[in-house]
Amino acid sequence: MHRTRPRKVILDCDIGWMNDDCTATIFALKSPELQVLGITPVAGNFDLNWETACALRLLEILGREDVPVCPGFDRPLLHERGDYEDQVWGEWATFKPVDSIPPGLPSIEPDPRYACDFIAQSILENPGEVSILAMGPLTNVAVTIRKYPQVVPLVDELIVMGGAVATLPRGHGNITPMAEFNFWVDPEAARIVLRSGAPIVLCPLNVCRRTRFERQHFDRLTSAGSAHPEVAELFRGYLQPHFDHPEVDKESPRLFYGLYDQIVVAYALRPAWFTTVLMNVDVNVTPGPEYGASYGYTNAPYQSGLDQWPLDDGSQVAKVAHDVELEAFVGLYVSTLTE
Ligand code: RIB
Ligand code: CA
């Protein structure tokens, strides 16, 4: 679909300092084809207060203090931290004091509106025009849907980085053998969202694992001729030490980074570059080793005459984006951040 006006988006994310949510946020803010209505941090990669400070400081550095930051949930709906949670990635609900962040604390304040109220208000004021780019646990989105169910048919698209679909290539988990981080942190929220009937595009690990950000991309992004020197400086500060590490061979670079949350921004901009399939998708919320694992399927049981598997009668169909034109995507990412 050709759009004549910038696409209105809300970035719901577990942003840190120069993590994938943060660089995806820069990508969205620098794209002239997107109008970022606001940022709604949610506990996930980090504790909520840390994330909020990172979002505010990023906006200051980019000169985009006009974008409201509306913090949301500081913990998942039900998932409590335990021994395993303490050992694996994710500092959600640790409630650490935020006395410093790498670029220095922000001087601007968050918007007083709560994330869910801000999301609903934005959709109700712009029916059919607002898309949510969800890059963290789905707590904020699930509660918005529960509190304001009238917004569900009014969302343009809900583009979600989350889950891993084992019936498609590259579909193993990254935080447990079967579960992807965002869905595992708040499986109940993910289930509410996936079952809501909202127009969902799911970008699971399957598509993220196709991506590579390499030395050649870093060199372009940090080149002297960049039209966004402040962005070049942010990337230099964060990635230069990694790419310059003596064990990285510059002639045949073995070091690369996957682009995860950047995928949802790219989908909002260029959906035609993605390979998609309609699937029933759902999330396991039973405590145990499969907690947070997502699954998806297209075909009904063999010769059953049924449309869907009977064990799964509440699931909905989502568009699952499981592959991408890699060079085009990385090219857009780099050119948006440099031109
Ligand atoms: O599983 C990938 C997701 O969790 C991304 O949103 C990333 O930020 C990570 O922590
Ligand atoms: Ca994220």
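**Reading the model, feature by feature**

Author: Let us begin with a loop: methionine 18 lies between strand S1 (7–13) and H1. Helices (H or I, at least four residues) and strands (E, at least two) are DSSP runs, numbered from the N terminus. This is a predicted model, in which local features need pLDDT of at least 70 and side-chain atom pairs count only at pLDDT 80 or more, while totals for chains, interfaces and linings use all residues. Residues are numbered from 1 along each chain as its sequence is written, chains are lettered from A and ligands numbered from 1 in the order in which they are written, and side-chain values use heavy atoms, with hydrogens and water left out.

Reader: What is the phi value of methionine 18, and is methionine 18 buried or exposed?

Author: Its phi is near 60°, a positive value in a residue other than glycine. Buried means under 20% relative accessible area, exposed over 50%, and partly exposed in between (1.4 Å probe, protein chains only). Methionine 18, at 2% relative accessibility, therefore counts as buried. Phenylalanine 95 also has a positive phi, near 55°, but is partly exposed, with a relative accessible area of 43%.

Reader: Which residues coordinate the calcium ion (ligand 2)?

Author: Donors are N, O and S atoms within 2.8 Å of the metal (3.2 Å for Na, K and Ca); water is not among the atoms, so sites may look incomplete. Here the calcium ion (ligand 2) is held at 2.2 to 2.5 Å by Asp14 (OD), Asp21 (OD), Asp21 (OD), Met135 (O) and Asp261 (OD). Aspartate 21 lies in helix H1 (residues 20–30) and aspartate 261 in the loop between helix H10 (229–243) and helix H11 (262–269), so this pair ties together parts that are 240 residues apart in sequence. Aspartate 21 counts as buried at 0% relative accessibility, and aspartate 261 counts as buried at 2%.

Reader: In what order do the strands of the open sheet lie?

Author: Strands of a sheet pair through backbone hydrogen bonds, either parallel or antiparallel. Two strands are taken to pair if DSSP finds at least two bridges between them. In this model eight strands form an open sheet in the order S2-S1-S3-S4-S5-S8-S6-S7, with mixed pairing. Strand S2 (34–41) and strand S7 (294–297) are the edge strands, each pairing on one side only.

Reader: How many bridges join S4 to strand S5 (residues 200–203)?

Author: Four bridges join them, and the two strands run parallel. Leucine 158 has isoleucine 200 as its bridge partner in S5. S4 also pairs with strand S3 (residues 130–134), in the parallel sense over three bridges, and isoleucine 132 stands opposite leucine 158. From strand S4 (residues 158–161), Leu158 and Val160 point one way and Ile159 and Met161 the other way, and all are buried.

Reader: At what angle do helix H2 (residues 48–62) and H10 cross?

Author: Two packed helices are described by the angle between their axes and the distance between the axes. Axes are lines fitted to C-alpha atoms, for helices over the stretch in contact, and angles run from 0 to 180 degrees between N-to-C directions. The axes of H2 and H10 come within 9 Å and cross at roughly 135°. That makes H2 oblique to H10, given that angles under 35 degrees count as roughly parallel, over 145 as roughly antiparallel, 65 to 115 as roughly perpendicular and the rest as oblique. With contact meaning heavy atoms within 4.5 Å, Leu58, Ile61 and Leu62 in H2 meet Glu230, Val231 and Leu234 in H10.
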